[in-house]
Every structure is written in structure tokens, then in C-alpha cells.
Amino acid sequence: MSESGENKLGKTSLIGLVIGSMIGGGAFNIISDMGGQAGGLAIIIGWIITAIGMISLAFVFQNLTNERPDLDGGIYSYAQAGFGDFIGFSSAWGYWFAAFLGNVAYATLLMSAVGNFFPIFKGGNTLPSIIVASILLWGVHFLILKGVETAAFINSIVTVAKLIPIFLVIVCMLVVFNFDTFKAGFYGMTSGGVGVFSWGDTMSQVKSTMLVTVWVFTGIEGAVVFSSRAKTKKDVGTATVIGLVSVLVIYFLMTVLAQGVIQQDQISKLANPSMAQVLEHIVGHWGSVLVNIGLIISVLGAWLGWTLLAGELPFIVAKDGLFPKWFAKENRHKAPVNSLLITNILVQLFLISMLFTDSAYQFAFSLASSAILIPYMFSAFYQLKYTIEHKGHATAKQWTIGIIASIYAIWLVYAAGIDYLLLTMLLYIPGLFVYSFVQRNNKKHLTKVDYILFALIIVLAIIGIIRLAMGSVSVF
């Protein structure tokens, strides 16, 4: 890959990576995930809070990309620049786990969706499912080896394809939207009757919606991870904001309009994917078939996007000297060959394990889902720290996004569950050995702060295990 703009990622490809990473299988079930527990009012409040927090986070990525164009690793390198090598390594380690375990989820979801047409794949973890998913896994692997830019271009095409059924559903819901149906469930419905406003009940509903939005926006950092491959650094920040706002509008319309199409107390009873059930309710069975095809295309696209992310991050981190140097090898197409190989071997092992039990995978994925929020939090903290350090030149916007994004990021970690956060520390235990090995190879000594953080992680992991043994948290 030349270092000129030629063969580098343009704005359209970067926007495609952001939207493609965020709109996966979850988009096709978000109608029931949110609307099943909340009325129109709570959903609107939930999206307003999410919009403020997520847009602030997107502006954080945009601002840091512009202010620190030298930080090519984006989401992980912000943690390193602001808080030292070990915090940077930990952010990268947690993000990598979340990314490759997310690909296991996409493989399962994809085969489960295909099972709607071919029962042999029903459930997504049968032997035929694992065989086909493995073939697709290595197909995606060899596609990316042809060059990240080629895979990103295909991802952009797939992103457009999967948006078609989503837009069709939105248009159909607009056409048949019934205000009386929407009004009846506006405050949420109790015992099949019309809901009555209660501040406490509304806030409880809002919290239930927020727990869903915690996960549907992972992928917002898609363009940031590829900042070293972008034609211009300015495109990275722009793509992040455009991608986020686009997805925010799509999710808002889908969840709010559905409340005027199907009575609120019936939404939780919709089968997965709920979007297919809604379109079938409007246009008949062909609508369900179309949405399920869209789901398959969507998951394929998200799988491609997240494989790009999962393979790129260890490569970038290794180039910066925080992962073993072996991960930094590229092939002649400038694809991260070793990083991608290890990532997909790990995905393959988890796929095979699901033939015997999916408990281990469910456990690891629950932890990884929590781990991915930590890099978000340190990115927001670094924005605030950077603003304080340059307060003589800082703008009101930089102060505002730093404060709001930091508060929101802390809330996300809390909303994900303190018990999961404690157990997430288990993921970092093997990372302690890797970090020690890398620092030794770099002829660096562990600092007192490193040892304190090592001890803290081990103690928190032990507390998490104790709470798991006591039955305080269930992950199997």
C-alpha cells in the first residue's frame, strides 16, 4: 500500500465501516428489545439521552483525531497517550477480546438466520452450522488478505444492501402509523389496559431502553481504528459523526414508529427478528422473508467489518510496541497477516467449543461486551485531560464534549453491570503475562503503578469469582 492517498480508505469507505459495524443483527430485533419493555415516552427519552452521550463520544473521536493525528491506533492509543502504557495495553486487550468474540456471535446469528430457510441450521450451533460458519470465517480471512481496502469496499456495498429492507420497513410503518395505537401505549401498558403516567415507572422503562442502547452502538469507533489507513485524518472524524447520526436516526424511527403499528403490550411477544414480524404484519409473509434475507446480508457485513477491526487492532498495537512484534507483520497487500491469523484461530476454537457447550462462549462474550466499554471511557477521559492540559487554547465545545462523554462513559460501564465489570478482570489476567513479556522485550521495567494495577485487577477478579460462586450473578 502506497503512502500516498492512492489505495487508502476514503470518506465513503470509512462511513461504511462505521455504519456496517454498528448495524449488525441487533438492528433487526431492536423493535422488541426496546419496545417490549417501554412505551413511546420512555423510548423517546432514552434516545435523547443516548443521542447526547453518543454524539459527545463521536465528537471526542473527531476532535482527538484532529488534535492528535499522530495517534494511529485511535481508541486504544488515546488511553495510552493519556494514562500510560499499561492502561493503553489493557484498552487494546479488552477491545480485541470483544471484537473477536463478537465475530463468534455473528457466526452463530448468521447460521440461525439461515435456519429460517433451511432447518438443518436451526439454532446456529449444530454441526452443519459450525462447518458452514467455519468455511465463511476463512473465506472472510482470505478476502481481507487481498487487502484491507478491498474488504472495506465490499463492506460499503454490503452496508447499502442491508439498509434497503430497513428503509422499506420504516417507509411501511410511516404509511400505516396509527396515532391512537401510539397514544394508547405512550406511557407503557399495564394489564392490557391504557398506560397511566408515573414518573418512577417511566424512568424504570427508560433504564430498560438504555441497557439496549449500550450495545447497539458498539462500532462507533470503526473509522478511528483505521485512521492510519485513511486518505486524510479529517475524514476519520467526519465519518464517525456522519455514521453515528445516520444510525441514530434509523434506530429512533424504527423503535418509535413501531409503537404506532403494533400495540405496545404485544411488541414483547414478537418472534425474532421482530422487524420481520412487523413487516409481515403490514404486507404479509413476503415481508418476513425479505427481512430475514436482509438480516443474513447484514450479519455477513457486520462480520466482515468486525473481522477487519479485530485483525487491525493487534497489528497497530504491535507496531506501537505494546503487543508482541510478531503481530505487526504485513503481507504484500499490506494486510495484517499474523494478527488476522491469530484472531480467526481464536474465533474458530470458540466455534468448535459450541458443538459441546455454548456456556463457555456465553460467559466469555458477556465479559467481552463489558470490556469494550472501558476503551470508550478512557477515550472520553483523555479528551478531558487533553483539554485541561491545553486549557489556554481549549474551546467551549472541547470542554463540553469531554465532560458529557466522560459522565456518559462512566454511566455505560455502570449500566452494563458492576458484577460483569468485576468478572471482566478475568480477561486481563492472561494479559498481565503478555504485557510483562512485551515490556521485557522492549527492555522496559514494570513501574510501581503497573504493579499496583496488576494487584487491583487480580483482587477485582477474585471478588468477581466469589460473587459468581455465591450466585450473585448468573452468566451461564
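User: How many helices and strands does the secondary structure come to?

Analyst: The protein has 20 helices and 0 strands. Helices (H or I, at least four residues) and strands (E, at least two) are DSSP runs, numbered from the N terminus. This is a predicted model: local features need pLDDT of at least 70, side-chain atom pairs count only at pLDDT 80 or more, and totals for chains, interfaces and linings use all residues. Residues are numbered from 1 along each chain as its sequence is written, and side-chain values use heavy atoms, with hydrogens and water left out.

User: What makes the radius of gyration of the protein agree with a compact globule?

Analyst: For 476 residues, a compact globule would have a radius of gyration near 23 Å. The protein has 22 Å, so the two agree. The radius is taken over C-alpha atoms, and the globule rule is 2.2 Å times the number of residues to the power 0.38. Along the principal axes, the C-alpha atoms fill a box of roughly 70 × 50 × 50 Å. Of the 476 residues, 57% count as buried.

User: Why is Asn-29 called buried?

Analyst: Its relative accessibility is 12%. Buried means under 20% relative accessible area, exposed over 50%, partly exposed in between (1.4 Å probe, protein chains only). Asn-29 therefore counts as buried. Asn-29 lies in the loop between helix 1 (11–22) and helix 2 (30–35). Leaving aside neighbours within four places in sequence, Asn-29 is in contact (heavy atoms within 4.5 Å) with Asn-272, Pro-273 and Ser-274.

User: Ser-274 is in helix 13 (residues 274–283). Which residues of helix 13 are buried, and what do they pack against?

Analyst: The buried ones are Ser-274, Met-275, Ala-276, Val-278 and Leu-279. They pack against helix 2, helix 7, helix 11 (233–258) and helix 14. Gly-284 follows helix 13, with a positive phi near 105°.

User: Why is Ile-463 called partly exposed?

Analyst: Ile-463 has 36% relative accessibility, so it counts as partly exposed. Ile-463 is found in helix 20 (residues 448–469). Leu-423 is 40 residues away from Ile-463 in sequence, and the C-alpha atoms are 8.1 Å apart.

User: Why is helix 7 called roughly antiparallel to helix 14?

Analyst: Helix 7 (residues 148–176) and helix 14 (residues 285–319) pack at about 150°, with axes 9 Å apart. That angle makes helix 7 roughly antiparallel to helix 14. Angles under 35 degrees count as roughly parallel, over 145 as roughly antiparallel, 65 to 115 as roughly perpendicular and the rest as oblique. Axes are lines fitted to C-alpha atoms, for helices over the stretch in contact, and angles run from 0 to 180 degrees between N-to-C directions.

User: What residues, by class, make up the contact of helix 7 with helix 14?

Analyst: There are 16 nonpolar, 5 polar and 2 charged residues. Ala, Val, Leu, Ile, Met, Phe, Trp, Tyr, Cys and Pro count as nonpolar, Asp, Glu, Lys and Arg as charged, and the others, Gly among them, as polar. Lys-162 in helix 7 and Glu-312 in helix 14 are among the residues that meet.

User: Why is helix 14 called oblique to helix 15?

Analyst: The axes of helix 14 and helix 15 (residues 337–353) come within 8 Å and cross at roughly 125°. That angle makes helix 14 oblique to helix 15. Thr-307, Ala-310, Gly-311, Pro-314 and Phe-315 of helix 14 make the contact with Ser-339, Leu-340, Thr-343 and Asn-344 of helix 15. By class, this contact has 4 nonpolar, 5 polar and no charged residues.
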